[in-house]
Amino acid sequence: RGEDRLSPSESTGMRTVTTLRQERRRDRRVKIRPITLKIGAGSFTTNDWGLGGFCVDRYIGERHGVLRAGDLFTVRITIHNGRDTHEEIADARVTRVDDTIRTLAATFIELEDSTMDLLEAWLSGRMSRLAKRRAAR
């Protein structure tokens with residue numbers, strides 16, 4: 001399945017990590033302009049994100065819904081820009097979960113054009129152009 005699983009060991013004090021071995025990041029990720037993501041029962045602010053995926057902190061599987069490397073899920077993306085709030089829905093695949101430091105990383109799967117436009121505008125700092133484009137539709 002192309003998956004690594006490290007289990008805790010009492011003698012070494014190792015932590016539990018699941019990851020997809022073939023994951024290769026194609027798009028750069030940024031820490032600026034965070035986005036809010038609703039994953040399962042939890043709401044998270046991104047640690048880093050890009051057009052290809054994201055990483056969130058504070059992910060606790062037992063509380064937010066147990067996801068493991070390879071799992072598919074739907075995420076609600078929310079961007080707050082001043083008084084405006086923009087929301088989109090996207091599908092994603094978990095690439096890594098670290099239960100010890102409570103992080104979850106995932107890649108987006110086939111983003112809709114409107115979602116891609118929103119993320120590109122937020123990433124580049126050009127939200128005003130996006131607003132004009134959407135108003136013209």
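The model is predicted, so local features require pLDDT of at least 70 and side-chain atom pairs count only at pLDDT 80 or more, while totals for chains, interfaces and linings use all residues. Residues are numbered from 1 along each chain as its sequence is written, and side-chain values use heavy atoms, with hydrogens and water left out.

**Stop 1: strand β3**

Select β3 (36-39); strands here are DSSP runs of E with at least two residues, and helices are runs of H or I with at least four, both numbered from the N terminus. In a regular strand the side chains alternate between the two faces of the sheet. Buried means under 20% relative accessible area, exposed over 50%, and partly exposed in between, with a 1.4 Å probe and protein chains only.

**Stop 2: the partners of β3**

I39 stands opposite G42 in β4. The hairpin of β3 and β4 has 2 residues between the strands, and G40 there takes a positive phi near 60 degrees. Next, show β6, which pairs with β3 in the antiparallel sense over 4 bridges; T78 in β6 is the bridge partner of T36.

**Stop 3: the nonpolar core**

Select I39, F54, F73, I77, L104 and L119, the residues with the most contacts inside the largest nonpolar core, which has 29 residues. Such a core is a set of buried Ala, Val, Leu, Ile, Met, Phe, Trp, Tyr and Cys residues joined through side-chain atoms within 4.5 Å. Helix α2 gives the most to this core, with 5 residues. Centre on L119: leaving aside neighbours within four places in sequence, its contacts (heavy atoms within 4.5 Å) include W49, I77 and F108.

**Stop 4: the aromatic pairs**

The whole structure holds 2 aromatic pairs. Rings of Phe, Tyr and Trp (its six-membered ring) pair if their centres lie within 6.5 Å; planes under 30 degrees apart count as stacked, over 60 as edge-to-face and the rest as tilted. F44 and Y59 form a tilted pair, 6.1 Å centre to centre with 45 degrees between the planes. Both F44 and Y59 are buried. F54 and F108 are also tilted, at 5.3 Å and 50 degrees. F54 lies in β5 and F108 in β8, so this pair ties together parts 54 residues apart in sequence.

Terms used:
Pairing = 2+ DSSP bridges.
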